[in-house]
Amino acid sequence: MEKQIRHNRTIMIILLLISLLSSWFLVNYLVVRVSRTADEEALSHIKENTEQLHYSFHNRTEDTWTIMEIENQALSGLGTASESEAVRALSLFLEKSSGSHVYLIAEDGSYIDDLGNKGRWQLDEEMLPLLQNGEYLCRLRQVETGGDLLDFAILLSGSVTENGYRILLMEYELDTYLEVLELQTYGGKGVAYIVDSEGMTLFKTEGELPASHSQNYFFYQFLKDMRFDGDPDINDAASLREAINSGKTGAVYASEDGYSYAVSFRPLHIMDWHLVLMVERSAISEVRMEYMQQVQWIAIGANLLIMIVCMIFYMVNSLWISRRSEVRLTSRERIINVLSTNSQGVYILADDATGKCTFISKSIKDMLGVPPADFLGRPMKALLDMFRRQELEQALREWDNRTVLESGRFLFCNEKSNTVKYLRIRVFPSQNGETVMAVLDETADAKREQVLEDAVNMARSANQAKSSFLSNMSHDIRTPMNAIIGYTTLAIANSEDTEKVRDYMEKILSSGNHLLSLINDILDMSRIESGKIQLDETEANLSDMLHDIKTIISGQVNAKQLELYMDVIDVTDEDVFCDKTRINQVLLNLISNAVKFTPPGGAVSVRITQIHNAPEGMGLYEIRVKDTGIGMSAEFAEHIFEPFERERTSTVSRIQGTGLGMAISKNIIDMMGGSIEVYTEQGKGTEFVIRLTLRLQSETAAAENITELEGLKALVVDDDFNTCDSVTKMLMQVGMRSEWTIFGKEAVLRAKQSIEINDAFNAYIIDWRLPDMNGIEVVRQIRSLGDDTPIIILTAYDRAEIEAEATAAGATAFCSKPMFMSDLRKALMNALGGQKKREENILPSFDNTDDFKDKRLLLVEDNELNREIAYEILKEYGFSIDTAENGQEALDKVSASKAGDYDLVLMDIQMPILDGYEATRRIRALENKELASIPIIAMTANAFDEDRKAAAECGMNGFISKPVNMQEVIGALRNVFR
């Protein structure tokens with residue numbers, strides 16, 4: 001033991017010597033590093049101060065130009081006012097600024113100042129052309145009375161007074177203007193200079209520099225003999241001057257016998273001036289001292305730490321020698337407990353002779369929920385029985401005790417704590433008569449691996465979906481393309497057969513429109529995913545929106561011989577704010593899908609309900625689109641709103657589409673803060689439910705009583721209970737009494753009874769389709785009773801189909817479903833004679849070309865084929881057309897024309913040489929105001945909202961997207977020539 005102690009003492013002495021040597025090397029190394037770091041830190045600090053001074057000067061200059069522009073607007077408004085008003089305006093302007101004088105100067109040099117003094121200003125040859133070119137001018141001017149002046153000048157937007165003053169000039173005293181450069185640091189041992197490109201000192205702040213330095217007005221003169229370091233490109237005064245004049249920004253040290261400075265420089269970007277900051281090196285040396293003190297403390301701390309470590313080592317080893325057996329056991333248990341705590345594992349030691357557990361780490365309670373005492377002194381098999389790992393018991397019996405035995409990861413359920421963990425058991429070869437078993441908790445690893453696996457599966461699914469989408473799109477795009485190419489070939493081959501060619505052309509047009517819809521869906525989805533689509537809330541009327549959608553979709557519904565029902569339930573607020581275009585896009589998509597996937601003879605219904613529990617000023621609406629079509633599988637319904645998804649069945653595969661419509665609709669509804677759900681069953685149809693909260697218009701007309709209708713009685717006849725209930729409530733809101741029935745025969749009976757008891761109905765609202773008899777037949781039978789009460793026919797179909805028959809039967813007025821409050825009020829007033837019958841909207845006729853005769857257009861299009869098509873079509877409408885192949889050619893033709901040569905320009909956007917936007921800007925900037933105001937309409941394939949805004953911003957009068965719809969084109973042209 002004494003020999004061991006002497007050995008430990010020798011080791012401790014060696015360690016102390018090593019610590020002293022290492023500390024000496026560490027201090028020297030850190031001193032060198034600290035010196036270099038302190039120098040770099042000092043240069044960085046002075047560069048930051050230079051940047052702050054530059055920022056102050058830049059802000060002062062920008063403020064000067066700003067107040068001069070404000071004064072420009074004020075003076076330009078004076079026009080030909082008297083000179084006394086101009087002098088008054090200059091005096092007020094001077095009071096708001098810190099200038100010394102302000103002048104108005106004419107182009108011949110005559111001027112008037114803020115005191116009313118007049119004289120002549122000596123304008124140099126460059127000053128007036130630069131101002132006329134729109135530049136701001138700043139000049140340094142020296143006066144005989146002493147002191148330098150700084151002049152700022154701009155060209156006014158218009159002449160002032162009859163003398164034609166066009167230039168506004170503000171005069172500042174240089175020293176006053178540059179007060180922003182005064183230093184607030186370095187204890188007065190720093191000076192800021194402004195020098196010109198020749199090295200003359202134009203200005204400097206107060207500071208304590210040697211007299212030979214501070215009194216020399218040629219800045220580089222007192223630097224010529226100095227030594228420079230800190231920048232490899234600057235080694236003398238000449239290279240410093242070259243760096244400053246070239247506009248660089250930097251910092252160096254300049255030293256000579258007895259003096260050392262830090263010099264920082266940067267350009268001011270005004271009159272070729274430069275800002276230079278010089279600070280005595282001693283003023284910034286505090287940083288070096290702080291670092292040196294840190295080095296000393298580090299060295300002292302390192303020595304103390306090593307000595308403490310050596311002492312601890314000596315004491316621990318001495319105790320270990322004297323108490324070897326006790327320390328050995330305690331150390332072993334402590335190490336195992338530390339390992340088990342830090343490694344999320346439980347360690348068990350078992351005696352090889354008896355097989356019993358001699359040690360179990362404390363972490364077993366956290367992992368398995370049992371205390372260590374439950375298994376100490378018991379065979380290891382008792383612990384293995386807890387895991388129910390029989391294969392591990394078998395492996396232990398066959399184990400050769402020379403390799404690590406591992407169970408592999410398994411799932412362990414702790415019934416006491418109701419937790420599930422992923423565990424792994426390892427048994428290590430025995431040492432010193434003991435076997436070590438480790439139970440490791442790998443739950444966190446298993447979860448991470450599961451997350452990674454899920455992410456990989458999601459990525460794989462996304463790739464498969466996109467691949468499937470591209471495959472589908474390849475088929476769907478090639479289908480109309482094949483039709484276009486095929487029918488074009490047939491049209492050429494049968495060019496003499498007019499009927500065949502017309503039929504082919506109609507099919508080509510239909511295929512082209514379908515191809516355009518495919519492309520629009522793809523672009524919409526791409527813009528939604530990139531976040532470029534924005535909602536545009538405008539005033540909208542739900543009744544108008546639903547009726548417009550019904551008009552659009554009716555053709556598809558009739559073509560497939562389907563029933564279309566559109567109902568309104570409890571909608572009291574029709575006027576809202578919303579993005580009407582996007583809501584129409586969603587509803588048209590849902591209804592079109594319902595039509596496509598519903599076989600002939602089926603039905604499609606649209607029902608909108610207002611739920612009356614929305615916040616103040618808001619309306620909560622539920623829209624249900626339901627069909628009796630083929631439906632969807634439950635598996636596909638879960639993914640219907642995901643992009644690139646289409647269900648592949650024998651029926652669906654024959655129906656064209658991108659598979660993006662539902663994803664686009666879902667994204668639009670989400671952007672509006674609403675929700676969309678789907679309920680479907682294969683063979684029984686599909687229902688989509690949309691819920692939206694929309695802002696109500698503040699000036700929405702209230703459903704007030706109509707004086708002419710108060711107290712009158714009406715009978716509602718409709719086969720749908722909800723419609724009867726909704727219409728009845730609306731009638732009560734306008735002041736009428738109401739009854740309802742769902743049968744036509746009962747309606748006739750009630751009409752007869754009401755006449756007999758002298759309480760006849762004052763109005764009938766009868767649906768065209770009833771379960772027991774036709775609505776028109778109900779009208780005939782009511783009229784046969786001698787009842788001339790107004791009768792309103794309510795229909796979900798095209799009224800033109802029944803109008804003649806219903807009128808002949810005695811119907812008074814018609815109202816289309818869905819029926820809102822506004823529709824009901826108008827129908828009642830029409831039927832009861834309260835207002836004139838609304839005139840039908842007449843679509844403009846595009847056959848009459850008289851409006852366009854003698855109109856001359858300039859068609860600007862770089863694509864020869866597009867230009868030829870537009871030329872021929874427009875020519876058919878009576879236009880006289882000139883063409884241009886790019887924006888520059890269009891600009892040249894308009895510039896060379898006379899007023900009236902062109903009535904309008906159709907301008908493409910993406911063109912070589914000069915695009916449509918820039919060509920429009922230059923046309924609007926022409927001096928000839930009549931030519932500059934010529935109407936210009938964009939006709940482009942750039943059809944997004946931002947493109948429309950860009951067209952309006954550059955001065956265009958309209959926007960037509962390609963491929964062109966001639967009704968849209970002619971409508972836009974009629975708006976211009978209206």
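Analyst: Strands here are DSSP runs of E of at least two residues, helices are runs of H or I of at least four, and both are numbered from the N terminus. The model is predicted, so local features need pLDDT of at least 70 and side-chain atom pairs pLDDT 80 or more, while totals for chains, interfaces and linings use all residues. Residues are numbered from 1 along each chain as its sequence is written, and side-chain values use heavy atoms, without hydrogens or water.

Thr795 lies in strand β29 (residues 791–795) and is buried, at 1% relative accessibility (buried: under 20% relative accessible area; exposed: over 50%; partly exposed in between; 1.4 Å probe, protein chains only). Setting aside residues up to four places away in sequence, Thr795 touches Lys550, Asp767, Trp768, Ile802, Cys815, Ser816 and Lys817 (contact: heavy atoms within 4.5 Å).

In helix α28, Met966, Val969, Ile970, Ala972, Leu973 and Arg974 are buried. The buried residues of α28 pack against helix α23 (864–876) and strands β33 (904–907), β34 (936–940) and β35 (958–961).

Beyond four places in sequence, Leu168 contacts residues including Met68, Leu75, Phe93, Leu104, Phe152 and Ile154.

By contrast, Trp297 in helix α7 (residues 286–322) is exposed, with a relative accessible area of 63%.
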